[in-house]
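Hello,

Here is the structure I promised to pass on. My notes follow below it.

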Amino acid sequence: MASAQLRPHPVGKDPLVLGIETSCDDTSAALYRQSRGLIAHKSTCLSSTHRPYNGVVPELASRDHIGALLPLVEQVLAGRKPDAVACTTGPGLAGCLAVGVALAQSLAWSWRVPLAAVHHLEGHLLSPFLDPPPDFDFPYLALLVSGGHTALYDVAGPGNYLLLGETLDDAAGEAFDKTATLLGLPYPGAAGLEKLARRGNEQAASLPVPMLRQRGLNFSFSGLKTAARRRLEQGGKKADIAAAFQSAAIATLAGKTELALRRTRRKRLAVVGGVACNLALREALGKIADQRNALIACPAAEFCTDNAAMIALAGTRHLQSGYDLKIRPRWPLTSTDKDAPRCSPA
Ligand code: KG4
Ligand code: ZN
């Protein structure tokens with residue numbers, strides 16, 4: 001419980017918010033004010049630490065955050081004192097979250113400013129507002145594709161999120177990275193796989209498109225990953241397998257997104273999370289949006305991968321009156337708006 005002594009000073013209507021993100025291996029700090037938008041943003045990802053292990057090693061990522069976070073915070077502040085601090089408190093790697101939360105609490109307490117606990121996925125879902133295309137607004141359908149999550153959400157308004165479908169096994173980004181490793185690309189290999197795919201012939205190694213025959217809005221990627229492994233064992237060319245994998249992954253993401261657009265009748269689509277950096281995916285979804293006469297928003301790459309800008313933006317809605325924050329490594333996204341429908345899987 002926060003004591004009376006530990007209460008922050010009241011905050012004005014349009015606070016300058018410092019955002020902090022450390023839920024996985026990206027360390028990021030940002031300064032945001034709703035009326036002005038993003039003021040400063042700095043990120044670093046020490047993926048080279050994890051390269052020998054072909055995946056994020058939580059203990060090593062936490063140590064990297066300790067070294068990287070404070071210099072980034074100093075750079076974005078550039079001598080300014082914010083009116084509030086927003087920090088990712090979950091879901092994510094517990095040790096990594098702890099580094100960000102500890103610094104956020106300390107800074108907010110010492111400045112006596114409000115603190116906000118931000119759900120990482122709410123950050124991704126609201127990320128289109130960092131740099132929205134003309135006329136982009138609520139409500140919209142969001143395809144969230146990252147290294148840890150793959151899901152479709154109906155975003156009816158701020159704090160009003162309905163889960164329509166999600167992956168039953170691997171996340172899309174995880175499948176891209178693991179298949180890239182299989183093809184001998186250095187970790188994290190998803191961007192390398194996209195490059196390799198441009199030189200390949202997808203017909204030569206064609207792979208089955210997962211889940212398209214199922215009527216629901218869930219995804220599955222582990223079978224596709226295994227099918228890619230089998231093609232390689234059968235002597236398939238790496239570039240062809242990269243092309244076939246990417247094409248099948250995009251076909252399932254695009255197919256389910258189109259179905260969700262039809263079912264929800266939304267006329268706006270947001271594509272968010274690290275996999276939204278993939279240009280072939282953007283192109284495929286752009287075509288679907290065109291066919292359905294829908295407006296599409298794909299944030300710039302720096303706002304697709306994990307970043308503190310989206311956390312500062314989302315945190316502006318969650319400023320609290322005390323300094324006790326809980327880390328929630330597992331935290332389902334339920335609507336933060338009390339009138340919103342509860343999340344229900346497909
Ligand atoms: O959103 P993000 O930074 O972290 C999570 O919240 O998980 O997403 C990272 C994921 C990684 O799996 C990364 O390999 C993938 O996004 N990614 C890509 C591309 N660039 C990054 N996946 C497909 N194609 C890309 N070009
Ligand atoms: Zn993320």
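Along the chain, the donors of the zinc ion (ligand 2) follow the spacing H-x3-H-x181-D. Donors here are N, O and S atoms within 2.8 Å of the metal (3.2 Å for Na, K and Ca); water is not among the atoms, so sites may look incomplete. His120 and Asp306 link distant parts of the chain, 186 residues apart. His120 sits in helix H3, Asp306 in the loop between helix H9 (301-304) and helix H10 (308-315). Helices are DSSP runs of H or I, at least four residues, numbered from the N terminus.

This is a predicted model: local features need pLDDT of at least 70, side-chain atom pairs pLDDT 80 or more, while totals for chains, interfaces and linings use all residues. Residues are numbered from 1 along each chain as written, chains are lettered from A and ligands numbered from 1 in the order written, and side-chain values use heavy atoms, without hydrogens or water.

The protein donors of the zinc ion are His120 (NE2), His124 (NE2) and Asp306 (OD), 2.0 to 2.1 Å away.

His120 counts as buried because its relative accessibility is 5%. Asp306, at 15%, is buried too. Buried means under 20% relative accessible area (1.4 Å probe, protein chains only).

Now ligand 1. A backbone N or O atom of Gly148 lies 3.0 Å from one of its oxygen atoms. For Gly173, the backbone distance to an oxygen atom of ligand 1 is 3.3 Å. A polar side-chain atom of Asn278 lies 3.1 Å from a nitrogen atom of ligand 1.

Best wishes

How values were computed:
Polar contact = N/O pair within 3.5 Å; in protein donor to acceptor, adjacent residues only side chain to side chain. Helix = DSSP H or I, 4+ residues; strand = E, 2+ residues; numbered from the N terminus. Buried < 20%, exposed > 50% of the residue type's maximum accessible area, 1.4 Å probe, protein only.
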